Amino acid sequence: MKLCLLAVGHRQPAWVSEGCAEYVKRMARELPLTIVEIKPEPRGAKSREQLLSAEKLRIRDSLPNGCRLVALDEKGDDLTTLQLARRLEAWMRDGRDAALLIGGPDGLDEEFKEQADERLRLSSLTLPHGLARLLLCEQLYRAVSVLKNHPYHREG
């Protein structure tokens, strides 16, 4: 199984790119993580719906075929690290690749949220896009380390 993080946004600060690259490098061979940056729609005088619709097409073109769709959403499931590890374990048993979607400044198109196999929430706080991306990479690595009984994660 492969994990693919599709994130609307480009030109992230170096600390975001370097941090994400570090966690991508640390991922287990049997659960590789790739990051695909989706070009955001130029804002201009377009409505929120027009922006999201254009970004939806770009995301759809980048999705792996037949993947599990996981939308990052403020109203998604609020998981602990151990619960995320158990989700990853279930995804691995299912065998499909998983695509985790992070929307741009205006979020994700409602259609993605409705069609998603799962919706996850990273925090009750509003996070800058780059920080959300880095946080997700770190938590995926941490969840894998739990499954591998690696000492990276220490509980309680």
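A disulfide is a pair of cysteine sulfur atoms within 2.5 Å. This is a predicted model, where local features need pLDDT of at least 70, side-chain atom pairs count only at pLDDT 80 or more, and totals for chains, interfaces and linings use all residues. Residues are numbered from 1 along each chain as its sequence is written, and side-chain values use heavy atoms, with hydrogens and water left out.

Q: How many disulfides does the structure hold?
A: A disulfide is a covalent bond between the sulfur atoms of two cysteines. Cysteine 20 is in no disulfide. The count for the structure is zero.

Q: Which cysteine has the sulfur nearest to that of cysteine 20, and is cysteine 20 buried or exposed?
A: Let's take burial first: buried means under 20% relative accessible area, exposed over 50%, and partly exposed in between (1.4 Å probe, protein chains only). With a relative accessible area of 3%, cysteine 20 is buried. The two sulfurs lie 3.7 Å apart, too far for a bond. The nearest cysteine sulfur belongs to cysteine 137.

Q: How many salt bridges does the structure hold?
A: Side chains of opposite charge can pair when their charged atoms come close. A salt bridge is counted when a side-chain nitrogen of Lys or Arg is within 4 Å of a carboxyl oxygen of Asp or Glu. One example joins arginine 119 and aspartate 73, at 2.5 Å from N to O. The structure's total is 21.

Q: Which helix holds the arginine that forms a salt bridge with aspartate 77?
A: The partner of aspartate 77 is arginine 87, with closest N and O atoms 2.9 Å apart. Aspartate 77 lies in strand E3, so the pair links parts ten residues apart in sequence, and arginine 87 lies in H3 (residues 81-94). Both residues belong to a salt-bridge network that also includes Arg68 and Glu118. The helix asked for is H3.

Q: What separates arginine 86 and glutamate 89 along their helix?
A: These two form a salt bridge, and their closest N and O atoms are 3.4 Å apart. Arginine 86 is partly exposed at 44% relative accessibility, and glutamate 89 is partly exposed at 33%. Because they are three residues apart in helix H3, their separation is about one helical turn.

Q: How many of the residues of strand E1 are buried?
A: Leu3, Leu5 and Ala7 point one way from E1, while Cys4, Leu6 and Val8 point the other way. In a regular strand the side chains alternate between the two faces of the sheet. E1 is largely enclosed by the rest of the structure, because the number of its residues that are buried is six of the six.

Q: Which residue of E4 stands opposite leucine 6?
A: Two strands pair if DSSP finds at least two bridges between them. E1 and strand E4 (residues 98-102) pair in the parallel sense over five bridges. E1 (residues 3-8) is also joined by six bridges to the parallel strand E2 (residues 33-38), where the partner of leucine 6 is valine 36. In E4, the residue opposite leucine 6 is leucine 101.

Terms used
Helix = DSSP H or I, 4+ residues; strand = E, 2+ residues; numbered from the N terminus.
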